Amino acid sequence: MKEPGFDIVDCFNVANYAQFLKAPLFMIQSPYDEFSLKNIVGASCITNKDEPYSIETCNKTTLSAIDDYRLKSIDYLNSMRRSVKTIGVWGPACVQHCYAHEWSYNDSNYQVNGHTLMEAINMFIENPTKGLWLLDEKPWP
């Protein structure tokens with residue numbers, strides 16, 4: 001039986017569990033995660049053969065849903081940040097799912113506030129309590 005006010009989506013919201021984290025956590029998460037846009041938002045308009053993908057052909061309704069998802073993702077990340085100080089994030093406003101590929105890991109085309117993923121990971125490892133927060137909060141592109 002459900003409790004009043006229970007939302008099944010909250011069961012899957014990792015931000016609800018951040019307070020229980022004991023180890024430092026560095027998240028690599030684009031607010032335009034391609035997997036999420038296709039499988040959660042249902043955006044079938046993502047184009048380009050290879051990463052990074054594009055949402056330029058999406059209609060206004062789909063772009064609005066994508067932007068709502070992006071804003072909610074940023075809210076969840078910020079909620080985690082308020083709960084735990086040893087959390088860091090690196091997330092460019094690119095439509096892509098994985099940035100740990102060899103070709104994008106240290107590619108100067110993939111930067112957030114002037115830092116590649118490799119630089120961000122090194123900075124976080126050096127000082128996980130600093131709460132390194134490199135997240136593009138601007139809209140795509």
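A disulfide is a pair of cysteine sulfur atoms within 2.5 Å. The legends below describe close-up views of a predicted model.

**View 1. The disulfide between Cys45 and Cys58.** One disulfide turns up in a search of the whole structure. Cys45 and Cys58 form it, with their sulfur atoms 1.9 Å apart. The torsion about the S-S bond is about 90°, so the disulfide of Cys45 and Cys58 is right-handed. Cys45 is buried, and Cys58 is buried too.

**View 2. Cys94, a buried cysteine.** The relative accessibility of Cys94 is 18%. Buried means under 20%, so Cys94 counts as buried.

**View 3. The aromatic pair of Phe26 and Phe124.** The structure holds one aromatic pair. Phe26 and Phe124 form this pair, and their ring centres lie 5.0 Å apart. The planes of Phe26 and Phe124 make an angle of 40°, and the pair is tilted. Phe26 belongs to strand β1 (residues 25-28), Phe124 to helix α4 (residues 117-126). The pair links distant parts of the chain, 98 residues apart. Phe26 and Phe124 are buried.

**View 4. Lys38 over the ring of Tyr53.** The charged end of Lys38 sits over the Tyr53 ring. Its distance from the ring centre is 5.5 Å.

**View 5. The open sheet of three strands.** The strand order is β1-β2-β3, and the pairing is parallel. β1 and β3 (133-135) stand at the edges, each with a single partner strand. One side of each is therefore left without a neighbour in the sheet. From one strand to the next, the twist averages 20°.

**View 6. The pairing of β1 with β2.** Strand β2 covers residues 87-91. Four bridges join β1 to β2, and the two strands run parallel. Ile28 stands opposite Trp90, a residue of β2.

**View 7. Helices α2 and α4 on the sheet.** Helix α2 lies across β1, β2 and β3. The direction of α2 is at about 180° to β3. Helix α4 packs on the sheet as well, touching β1, β2 and β3. The direction of α4 makes about 170° with that of β1.

Definitions and conventions
Residues are numbered from 1 along each chain as its sequence is written. This is a predicted model: local features need pLDDT of at least 70, side-chain atom pairs count only at pLDDT 80 or more; totals for chains, interfaces and linings use all residues. Side-chain values use heavy atoms; hydrogens and water are left out. Buried means under 20% relative accessible area, exposed over 50%, partly exposed in between (1.4 Å probe, protein chains only). Rings of Phe, Tyr and Trp (its six-membered ring) pair if their centres lie within 6.5 Å; planes under 30 degrees apart count as stacked, over 60 as edge-to-face and the rest as tilted. A charge sits over a ring if NZ of Lys or CZ of Arg is within 6 Å of the ring centre and within 35 degrees of the ring normal. Two strands pair if DSSP finds at least two bridges between them. Axes are lines fitted to C-alpha atoms, for helices over the stretch in contact, and angles run from 0 to 180 degrees between N-to-C directions. Contact means heavy atoms within 4.5 Å.
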